[in-house]
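Here are my notes for you, written to be read with the structure open beside them. Take the points in order and find each piece on screen as you go.

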Amino acid sequence: MPRGSRFAFAFICVSAAIIAGLAATGVRAAVTNFVAPAGTAIADGNIDGVIGTEWSDANVYLNVPINPTAATAQVSLKQDNTYLYIAVVWTADIAQPWFSIEFGATGCMNNGADGALFGNDGSTQAGLGGAWSGGVGLYRDVEFGGPGSVAADAIQNGVGAIRNSGSNVMVVELKKPLNSGDAAGNDVAWAVGNTYDLLMTWDSNGGGNPGGGSANMQSTTTDSQTVQLSAVAIPEFPTTAILLVTVAGTFLLVAVGAWKRSKAKP
Ligand SMILES: [Ca+2]
Ligand SMILES: [Ca+2]
Ligand SMILES: [Ca+2]
């Protein structure tokens with residue numbers, strides 16, 4: 001292979017490595033299936049409806065369809081062998097909507113499904129939530145009993161929060177036990193390495209909230225997603241990126257130098 005072609009080939013290889021490295025950093029777009037990588041534990045106090053550095057080792061998905069599909073969300077996930085961590089950010093049409101995640105089911109309010117409910121003001125069914133305060137709504141560990149049937153668990157497991165961060169941009173954070181042992185509350189018994197169903201919905205049509213757009217109600221729920229609980233952590237972006245850029249820069253300098261020397265020869 002001529003010298004120039006060898007350098008070009010090397011440069012293409014390094015460029016491909018950079019692209020592959022960036023693709024592995026955890027940010028993906030417009031996907032419906034999630035991977036929750038292994039990550040560090042988040043303290044209960046950091047489940048506060050504010051996205052901070054506690055999510056820096058999570059996978060982040062952009063433009064995720066949630067139900068109703070008038071909205072899309074940014075969804076972050078990771079797990080620490082004891083808890084599944086999920087953060088969801090989306091823009092609602094009222095200041096106090098509710099949001100829910102149904103675990104291990106693909107249909108709306110499936111009988112026997114476990115769930116997490118955020119920000120329900122309890123106005124239409126007692127025990128499911130309560131008044132918002134300072135832009136923050138309540139979390140409830142729930143169980144579903146079929147269409148229209150939902151109740152708060154007698155044993156509340158996990159920690160969750162929903163916060164209106166301004167302009168109806170909602171931030172949900174959840175620390176959900178992978179296996180709480182609460183069978184009466186239909187709580188999941190999930191294991192790392194497996195893949196499970198998730199169904200995310202929000203609602204602002206007046207049931208359990210002050211009301212907003214009539215189209216934004218959970219009964220239009222159609223799209224479920226899956227989450228794989230991975231034992232593998234995502235690569236640390238700065239280290240990987242800096243290493244690859246350094247290698248690429250070195251190859252480029254060597255190639256340019258060799259090219260200049262070859263052109264200088266008579
Ligand atoms: Ca937080
Ligand atoms: Ca439950
Ligand atoms: Ca429970």
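**Notes on a strand and its surroundings**

1. To find the pairing on screen, look for G115, whose bridge partner in β9 is V142. Keep in mind as you look around that this is a predicted model.

2. Now turn to another neighbour of β7. Strand β6 (residues 98-103) is joined to β7 by five bridges, and these two strands run antiparallel. Two pairs are handy for checking this: S100 has L117 as its bridge partner in β7, while F103 has D114.

3. Is β7 buried or exposed? Five of the five residues in this strand (residues 114-118) are buried, so the rest of the structure largely encloses it. Here's a bit of background: in a regular strand, side chains alternate between the two faces of the sheet. For β7, both faces are covered. D114, A116 and F118 are buried on one side, and G115 and L117 are buried on the other.

4. Zoom out to the sheet. Seven strands make up an open sheet with mixed pairing, and their order is β2-β14-β13-β6-β7-β9-β10. Which strands stand at the edges? They are β2 (33-36) and β10 (149-152), and each has a single partner strand, so one side of each is left without a neighbour in the sheet. Going from one strand to the next, the twist averages 30 degrees.

5. Next, the largest nonpolar core, which has 56 residues. Within this core, I86, V88 and V172 touch the most other members. Strand β5 (residues 83-91) gives the most to the core, with seven residues.

6. I86 deserves a click of its own. Which residues is I86 in contact with, once you leave aside its neighbours within four places in sequence? The list is V75, L77, I101, L174 and K176.

7. Finally, the chain as a whole. Its secondary structure comes to two helices and 14 strands. Of its 266 residues, 38% count as buried. If you take contacts between residues at least 6 apart in sequence, 66% of them join residues at least 24 apart.

Conventions: Residues are numbered from 1 along each chain as its sequence is written. Chains are lettered from A and ligands numbered from 1 in the order in which they are written. This is a predicted model: local features need pLDDT of at least 70, side-chain atom pairs count only at pLDDT 80 or more; totals for chains, interfaces and linings use all residues. A nonpolar core is a set of buried Ala, Val, Leu, Ile, Met, Phe, Trp, Tyr and Cys residues joined through C-beta atoms within 7 Å. A residue is buried if 20 or more other C-beta atoms lie within 10 Å of its own, exposed if 12 or fewer, and partly exposed in between; C-beta atoms are placed from the backbone. Helices (H or I, at least four residues) and strands (E, at least two) are DSSP runs, numbered from the N terminus. Two residues are in contact if their C-beta atoms, placed from the backbone, lie within 7 Å. Two strands pair if DSSP finds at least two bridges between them. Axes are lines fitted to C-alpha atoms, for helices over the stretch in contact, and angles run from 0 to 180 degrees between N-to-C directions.
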